[in-house]
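Here is a brief report on one structure.

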Amino acid sequence: MTAFRLKSRHLALVTALGAALLATACEKSAEPAKPDQPVTTPQSPVPQVQIPQAQLPPLPQMPTPTSAIADFPDKPTVEQSDGNLLLRCKGIGGRYNFELRTRVPKIGELFTVTSRVFDAQGHAAGQGDFSVDATMPDHGHGMMTQPTHKSTISGTWRSEGLKLHMPGHWQIVANFESAEARDTCRFDWQQSGEATP
Amino acid sequence: MTAPFACLIACLTLNLQPQRKALRASSAWWGQTLTVIAIVAVLAGCHKRGIDLQGPLQPGEIALLSSLSPLPPLLPDPSNAFADDERAARLGLQLFFDKRLSGNGQVACANCHEPHKYLTDGHALAAGMGQTERNSPTLLGAQWLPFLFFDGRKDSQWSQALGPLENPLEHGTDRTAVFRVILGHYRPAYESIFGAIPAVLLTNLLPEHARPVHLSSKDPLQVAWDGLAVSQQAGINRVFANVGKALAAYERKLRPQPAPLDHFVAALKAGDINGGGHLPPAALRGARLFVGQAQCISCHNGPLLTDKTFHNVGLPPTPGVDPADPGRGRGASTVLGDEFRCGLPYSDTTTCEELRFLNPKFADFAGAYKTPTLRNVAMTAPYMHSGQFKTLEQVLQFYKTLPGQASVGHRELVLRLVDPDIPTADLVAFLQALTGPLPDESWLKPEP
């Protein structure tokens, strides 16, 4: 019998699946890139749902506010410790700095992100619209859920209802838009395939 | 750079990533560089290289295989206060086999979910009082699904059970008739679990048949329903919901049992690199392909071998089935409008995270269907939401050729052609190693 071969000799614990996806990434299928296409159904009007707030697990402890612009890395960083994630970056427009905290997402499970946004002087950003989104650039899709983003105290937001439904390369995107400026940060994240039912 | 060398670098750098703790700003560059090296190396070197499937299992493979087992403990179902009530499960068992719960006295849940066929019926398309457009899925493992049906139009097992009862193509009955069956044949058992049947329902004046129909207010069933007092409607709805809760309590007993894969992984985790020999050689090669080159694990992951979500794999159209069926594209809005969904009065919880963040407009829901569990899949032919394929070989032939185009939406990009050189027999042997015994016999037939 022929020895059949795997492409992914290097797979290892957490990064295993993501790396395998990367390994196949150059083998684009013949299909054209997926355009954004609306649902083709006769859209039955979606009834207004009143779904109450849920009890959420306690959030990771926030350290005392730090902020100086110099503290922020030039390139986005993703730090992991004890099952927590800390994402930090200078916005690509250079107007705001972002700091996102969450538990390491488990595939297919809802998770919450708490974020802080600072202006270039290191002060908590004031009024504005904040959001966190996640997309899979290689697959041309985003999340299946629609998260909510609520400002708790000035410059701090709590985003609930994110879900990474597939293993592989995700981009986590934070946006902030105030009356003066808008800015964005993108973090690369390899979601592992280890599921917990 | 030679390929194996590239592979090695990729391996090392990628493995470094998760252990990077609290990287400082100054070392961020280094982290970035590592990532870039890793990606380049993967693309350059590992592309057509790989593991000799006869050689020893690699750590990465062991990790992935271990993620498929053991079977998880049952999760609580807060929407059903009777989910783990033993008496409710016993009542549900009787109801599951009771053909009186149908318009023609011939249809029970067990018709389409036959216990000895692993809770399926062996037909491409299920038929009750009429012919449906879907294949009967197994119920073994459905306890863990946040959304039920191929299009996820129900969000709990108890609410799901109410669907087939009033579907004219399945049981073809109605909630008022269901109430009469409970009153006539199950009253003591019902009342001991759910409390007394409300007095407003104990009248000879109730119509034989009545239910909300929505589609047309002229429907005789709707007219009869409109003739009921609000308190009677609420009382009948409550009994109907409780019937669903008893059925769901029963279905929670129908869990997949350990299969050769589970024994294999248990031995692996205990340090036996051969997994106790629980997978025959072909199944082991298939397992490695499943988590590796064939990338089945992108969607069929976790111990149930499903990501419990929805994908468009672009199946060929089925004769007799609406080719414009949007699948999840409709199911996602239907569940939000369901009178028995989480958070409404008949549900026992108001914590409904999955519904709260559900995005019914997610574009890729068009033409998407739920990834089925692959537990016991060798016992549940035919396959796919409309029974498109008769055998597992045909399913794999499909994944190897991806013929045609999706009739609704488009086939997901993540679904790539499986290398035609991969032996189908190996993957099939792996799928066969997912068969466990049936649950305890006492749950597979009604009490006399």
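The largest cavity has a volume of about 180 Å³. Its lining takes in 18 residues, and the closest to the centre are Leu315(B), Asp325(B), Tyr369(B), His385(B) and Ser407(B). By type, the lining splits into nine nonpolar, seven polar and two charged residues.

The model is predicted. Searching the whole structure turns up two cavities of 30 Å³ or more.

## An enclosed helix

Helix 3 of chain B spans residues 59-66. Six of its eight residues are buried, so the rest of the structure largely encloses this helix. The buried residues are Gly60(B), Glu61(B), Ala63(B), Leu64(B), Leu65(B) and Ser66(B).

## Aromatic pairs

Over all chains, the count is 17 aromatic pairs. One of them joins Phe310(B) and Phe365(B) edge-to-face, at 6.2 Å centre to centre and 85° between the planes. This pair links distant parts of the chain, 55 residues apart. Phe310(B) lies in strand 1 (residues 310-311) of chain B, while Phe365(B) lies in the loop between helix 14 (353-356) and strand 2 (369-370) of chain B.

Both partners are shielded by the cut-off of under 20% relative accessible area. Phe310(B) is buried at 2%, and Phe365(B) is buried at 1%.

In chain A, Tyr96(A), Phe130(A), Trp157(A) and Phe176(A) make up one aromatic cluster.

## Charges over rings

Phe310(B) has a further contact: the charged end of Arg328(B) sits over its ring, 4.1 Å from the centre. Likewise, the charged end of Arg153(B) sits over the ring of Phe149(B), 3.6 Å from the ring centre.

Notes. Residues numbered from 1 in each chain as written. Chains lettered and ligands numbered in written order. Predicted model: local features only at pLDDT ≥ 70, side-chain atom pairs only at ≥ 80, totals over all residues. Heavy atoms only, no water. 1 Å grid on protein atoms, 1.4 Å probe; cavity = no way out; pocket = protein on both sides within 12 Å on 5 of 7 lines; lining within 4 Å. Points joined across faces, edges and corners; volume = space filled by probe spheres on them. Nonpolar A, V, L, I, M, F, W, Y, C, P; charged D, E, K, R; others polar. Buried < 20%, exposed > 50% of the residue type's maximum accessible area, 1.4 Å probe, protein only. Helix = DSSP H or I, 4+ residues; strand = E, 2+ residues; numbered from the N terminus. Phe/Tyr/Trp six-rings, centres within 6.5 Å; stacked < 30°, edge-to-face > 60°. Lys NZ or Arg CZ within 6 Å of the ring centre and 35° of its normal.
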